[in-house]
Amino acid sequence: MGATAPVMRLRRPQWKDPRLIVGIVLVVASVLMGALLVSRLSETTPVLVARSPVVPGDVIDAADLTTVELRLGDQTELYVGTLDAVPEGAVATRTIQAGELVPVSAVGQAGDVPLRPVVIPVDTTVAESVTPGATVELWHTVPATEDGGSGEAALLVSEAVVRRIDEGNSLGMRSMAVEVLVPVGSLADVLEVLSQEERLDVIGVPGAHGVTP
């Protein structure tokens, strides 16, 4: 009979085996990191939410805000958590729509806002899309000339922001007016049109900054 082939015996791992120790450490570390990540993602944190539209230049005021608890995960630092975190005298640097979380990037000082308020008289009722906080266009209609030339309309400002709407009154003592925030670079053109008492229409932009068709 031929020689019997040697039988290989597996040695039971010893607790002092460095490979076993490293493997256990890696498993424990993985479990702990997973638990920590799940815990962090499930944690809620306070964050400010706008009750109503806050337009550029408006002071960040408690009356316009509320606090909710949300799971923000890694985005916690992107939003303002409490009023205590808002610097004194801080204003909105862009429109914050009703129901929107207040982003840190939208909070600054008055000098950070490149817009100026202008009150525009309105002869007729504006569209429903023209609401505080909405982005609008300003169109200038050149009146017809005495020699029979027809009037022409031209886009004067492509992006203005509605700040306030004055509905006037039923007795006609005060006509309707819309206060808009105009980019500084377009301010001179708007004021020139208003000084000449020519027609300036406020047109809503559907789909822009919360405005719906």
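I looked up the pair R94 and E100 and found that their side chains meet in a salt bridge, with 2.7 Å from N to O; I take a salt bridge to be a side-chain nitrogen of Lys or Arg within 4 Å of a carboxyl oxygen of Asp or Glu. R94 counts as partly exposed at 33% relative accessibility, and E100 counts as partly exposed at 23%, where buried means under 20% relative accessible area, exposed over 50%, and partly exposed in between (1.4 Å probe, protein chains only).

I note that this is a predicted model, in which local features need pLDDT of at least 70, side-chain atom pairs count only at pLDDT 80 or more, and totals for chains, interfaces and linings use all residues. Residues are numbered from 1 along each chain as its sequence is written, and side-chain values use heavy atoms, with hydrogens and water left out.

I then asked how many salt bridges the rule gives, and the count comes to five. One of them joins the side chains of D58 and R163 at 3.4 Å, N to O. This pair links distant parts of the chain, since D58 lies in the loop between β1 (45-50) and β2 (65-70) while R163 lies in strand β7 (residues 152-166), 105 residues apart; helices (H or I, at least four residues) and strands (E, at least two) are DSSP runs, numbered from the N terminus. D58 is buried, at a relative accessible area of 11%.

I also recorded the salt bridge in which the side chains of D201 and R199 meet, at 2.9 Å from N to O. Salt bridges that share partners join D58, R163, R164 and E179 into one network.

V28 belongs to helix α1 (residues 18-42), and V28 is partly exposed at a relative accessible area of 43%.

For the whole protein, I list two helices and nine strands, which run α-β-β-β-β-β-β-β-β-α-β from the N terminus on. Of the 213 residues, 30% are buried. The accessible surface comes to about 14500 Å², with 57% belonging to carbon and sulfur atoms, by the Shrake-Rupley method with a 1.4 Å probe; for residues, only the protein chains shown count as cover. Among contacts (heavy atoms within 4.5 Å) with a separation of 6 or more, 63% come from residues 24 or more positions apart.
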